[in-house]
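Please take a look at the structure below. What can be said about its chains, and how far can the model be trusted?

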Amino acid sequence: MATCELLGSTTLDNNTTHSVTFSGISTSDDYQQFEILSSCRLYETTSNPQGVEFWYSVNSTTSGYVYGGIVSQGSETGIASPWRDGGTGQAGGHTYRNNASYWNVTAIGGNWAKGKAFNRILIPQAQGDSRRKCAQIRMWTSFPRNDSYGHFSSHFMYVGDTADLTSITLYCNSPSTSYYFAEDSSFMLYGIKDSNA
Amino acid sequence: MHRLVVNCETGEKQLVAYTAEEIAGAEAEAAAANEERAAREAEDAQRAADKESGNQKLKDLGLTDDEIAAITS
């Protein structure tokens with residue numbers, strides 16, 4: 001039977017936090033997957049556009065990422081096809097690709113005043129001899145909507161780090177930017193055990 | 001600008017301020033990233049315009065939407 005344990009959680013009490021790190025993750029326990037759930041909002045400043053991304057790093061190794069996802073315009077016909085970027089873009093979804101890539105909330109009709117973004121990151125662990133080796137992550141995100149639009153997307157992200165997972169960091173936008181998560185943004189890290197039992 | 005570190009072992013939370021050097025570096029890289037994004041968006045816009053223009057030219061030749069889809073997809 002699978003069990004899900006809350007390993008760490010936090011809620012921000014300021015508007016100046018650029019990244020949240022969960023450190024001290026035990027390497028002795030039998031976690032087969034990790035999962036981060038977050039409910040967060042981008043803190044707006046005059047130099048801060050409406051766009052937002054989430055990046056992560058594992059054991060201090062920062063991810064690269066490959067865009068992929070589905071963006072909803074809020075109507076049956078406005079749902080774009082899954083797509084990929086990086087020179088292998090599919091035909092569908094071009095109209096929304098830019099907005100999805102950079103997650104420009106305003107451009108897709110989103111509205112931070114309507115709520116927070118919800119973000120889920122699944123971190124699978126390779127099993128067997130390479131148990132707990134972590135190099136890839138799948139991330140899903142939905143953004144607040146106005147009365148007509150919604151937005152959900154996913155990113156496949158990767159790092160080359162194959163050491164035991166001991167820390168993971170979630171950034172507001174890329175690590176090189178100075179954007180902030182807003183006050184009251186919440187982050188939780190779960191460990192999932194024995195999912196095959 | 002801060003990073004919040006949550007220690008899963010102890011439960012301790014530590015808010016660490018970025019150094020002035022780190023902030024300056026981040027701002028410089030952000031400016032470069034914004035330029036890169038603008039270039040990519042312009043590229044995508046041009047691609048979309050080319051597609052529309054190409055489709056219109058095919059229509060002008062008398063092809064139906066289905067025929068255009070068949071040869072371009």
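## Two chains

This is a predicted model. Chain A has 197 residues, and 36% of them count as buried. Its elements are one helix and 14 strands. Take the contacts in chain A between residues at least 6 apart in sequence: 75% of them join residues at least 24 apart.

Chain B has 73 residues, of which 5% are buried. It holds two helices and two strands. Read from the N terminus, the order is β-β-α-α.

## Confidence in chain A

The average pLDDT of chain A is 68. A score of at least 70 is reached by 51% of the residues.

One stretch calls for care. Over residues 67-102 of chain A, pLDDT stays under 50. The model still has 76 contacts beyond four places in sequence for this stretch. Where pLDDT is low, predicted coordinates should not be read in detail.

Now turn to strand β2 of chain A, residues 17-23. Is it mostly covered or mostly uncovered? It is mostly covered: six of its seven residues are buried.

β2(A) pairs with strand β1 of chain B, residues 2-7. The sense is parallel, and there are six bridges. β2(A) is also joined to strand β12 of chain A, residues 168-172. Here the strands run antiparallel, with four bridges.

How values were computed: Residues are numbered from 1 along each chain as its sequence is written. Chains are lettered from A and ligands numbered from 1 in the order in which they are written. This is a predicted model: local features need pLDDT of at least 70, side-chain atom pairs count only at pLDDT 80 or more; totals for chains, interfaces and linings use all residues. A residue is buried if 20 or more other C-beta atoms lie within 10 Å of its own, exposed if 12 or fewer, and partly exposed in between; C-beta atoms are placed from the backbone. Two residues are in contact if their C-beta atoms, placed from the backbone, lie within 7 Å. pLDDT is the predictor's confidence in each residue, from 0 to 100. Two strands pair if DSSP finds at least two bridges between them.
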